[in-house]
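Welcome! Here is a short briefing to read alongside the structure shown below.

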Amino acid sequence: MKIKDIFERKKFVFSFEIFPPKPTTPLDRIYSTLDDLKGPSPDFISVTYGAGGSTRDRSPQIAIDVKNVYDIESLAHLTCIGSTRDEVVGVVDLLLESGVHNILALRGDPPQEAVSPFVGGDFSHAIDLVKFLRERYGEKIAIGGAAYPEGHIECDDPIKDLHYLKQKVDAGVDFLVTQLFFDNELFYRFVERTSIAGIEVPISAGIMPVVNKNQIERIVTLCGASLPKKFVRILHRYADDPRSLEEAGIAYATDQIVDLIASGVRGIHLYTMNKAHVARKITSNIETLREGFVNDKNNEEALL
Ligand code: FAD
């Protein structure tokens, strides 16, 4: 099923993101993660694609297995960076033949050793990939796009960023998934701005439970997410106590999700970092809230 249709049928869509293991790590590792992620019944699982990186060859097969072995809807990430038109067609044809009809179209981040971010690729920005996919595959696929509640790190003008986002959506994006954030108020303001800009596709909120201190430095460098005071207090207090930090990180993410659901968010996309036990704990914390949507009369009618 296309994820566009899942958003049409359900008021609240709950999903996970996983990444392929490095080539030096046995591939089986991801399958034991998936064994554990199946239990919480996510509406879909997305599989990242290392732009120009060493794990990209593993991504399509994992995305296919999510669909065919685990019977969970699958969203395959695909990036512009380092991708030629022929490579994109090769990957998407394989996905379609294997029953995966959902692509998250991204620009990607260049590998650190690259001189130019666009070396070797036929597409500059995500919008170019979206246009290409829509022209070639029409409505056979659902296309997702990335969005940034705090603005993309390379763009110093939020209005320009929003303008490019609107163009990307108009080019054929069916739904958006956001960069992670730790301050829900920033997300609410962003959703308001997208609505004023005329962006009407569903927006799923990206939530990452922070469960170790090394993770946070990398995140802030990569995406520039701002850290609210209460979050920083947790990091300082439990930085050297891994078990407590994990518990606090799970509690913080749960708190964010409860607030987002109460505010009518269309979806939560949990960046699992392949830590299935963390994803399961968070899912179990919000089980009743998810059931609330299943039992909601209007939702049931929408499902008929
Ligand atoms: P774009 O939409 O192209 O935007 C990138 C920048 O260019 C922005 O600053 C934007 O304002 C600007 N821009 C957009 N269009 C134009 C234009 N026409 N002219 C001039 N400027 C323009 N990376 C990976 O490598 N692999 C993954 O699997 C992956 N998964 C991700 C999943 C999610 C949900 C998110 C939020 C990000 C993911 N990323 C991934 C990271 C992403 O690739 C980077 O954030 C990247 O820097 C931007 O990608 P984008 O698709 O948003 O790019």
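## Around the ligand

By class, the shell around the ligand holds 9 nonpolar, 9 polar and 5 charged residues. In this grouping Ala, Val, Leu, Ile, Met, Phe, Trp, Tyr, Cys and Pro are nonpolar, Asp, Glu, Lys and Arg are charged, and the others, Gly among them, are polar. Please keep in mind that this is a predicted model, where local features need pLDDT of at least 70, side-chain atom pairs count only at pLDDT 80 or more, and totals for chains, interfaces and linings use all residues. Residue numbers start from 1 along each chain as its sequence is written.

- Thr48, His77, Arg107, His125 and Ala126 come nearest to the ligand among the 23 residues around it; a residue is near a molecule if its C-beta atom, placed from the backbone, lies within 6 Å of it.
- Two or more residues of this shell come from each of strand E3 (74-79), helix H5 (126-137), helix H6 (158-170) and strand E6 (175-180).
- H6 gives the largest share of the shell, 3 residues.

## The chain as a whole

- The secondary structure comprises 13 helices and 8 strands, where helices (H or I, at least four residues) and strands (E, at least two) are DSSP runs numbered from the N terminus.
- The radius of gyration is 18 Å, which agrees with the value near 19 Å that a compact globule of 304 residues would have. That radius is taken over C-alpha atoms, and the globule rule is 2.2 Å times the number of residues to the power 0.38.
- The C-alpha trace spans about 50 × 50 × 45 Å along its principal axes.
- Buried residues make up 43% of the 304 in the chain. A residue is buried if 20 or more other C-beta atoms, placed from the backbone, lie within 10 Å of its own, exposed if 12 or fewer do, and partly exposed in between.
- Of the contacts between residues at least 6 apart in sequence, 81% join residues at least 24 apart; a contact here has the two C-beta atoms, placed from the backbone, within 7 Å.

## Two helices side by side

- Helix H2 (residues 28-38) and helix H11 (residues 276-285) pack at an angle of about 10°, and their axes are 9 Å apart. These axes are lines fitted to C-alpha atoms, for helices over the stretch in contact, and angles run from 0 to 180 degrees between N-to-C directions.
- H2 and H11 are therefore roughly parallel to each other, a label for angles under 35 degrees.
- Thr33, Asp36 and Leu37 on the H2 side meet Ala276, Ala279 and Arg280 on the H11 side. The residues of this contact divide into 3 nonpolar, 1 polar and 2 charged.
- Ile30 also belongs to helix H2 and is buried, with 22 other C-beta atoms within 10 Å.
- Leaving out residues up to four places away in sequence, Ile30 touches Ile18, Pro20, Pro21 and Ile62.
- Ile30 and Ala276 are 246 residues apart in sequence, while their C-alpha atoms are 10.0 Å apart in space.

## Positive phi outside glycine

- Asp71 is not a glycine, although its phi is positive at about 60°. Asp71 sits in the loop between helix H3 (59-68) and E3 and is exposed, with 9 other C-beta atoms within 10 Å.
- Asn274 is not a glycine either and has a positive phi of about 60°. Asn274 is in the loop between strand E8 (267-271) and H11, and counts as buried with 20 C-beta neighbours inside 10 Å.

- Leu176, in strand E6, counts as buried with 26 C-beta neighbours inside 10 Å. Beyond four places in sequence, Leu176 is in contact with Gly144, Gly145, Ala147, Val201, Ile203 and Ser204.
- Asp183 lies in the loop between E6 and helix H7 (184-196) and counts as partly exposed, with 18 C-beta neighbours inside 10 Å. Setting aside residues up to four places away in sequence, Asp183 touches Ser226 and Pro228.
- His101 is in the loop between helix H4 (85-97) and strand E4 (102-106), and counts as buried with 23 C-beta neighbours inside 10 Å. The C-alpha atoms of His101 and His236 are separated by 43 Å, with the two residues 135 apart along the chain.

Terms used:
Angles under 35 degrees count as roughly parallel, over 145 as roughly antiparallel, 65 to 115 as roughly perpendicular and the rest as oblique.
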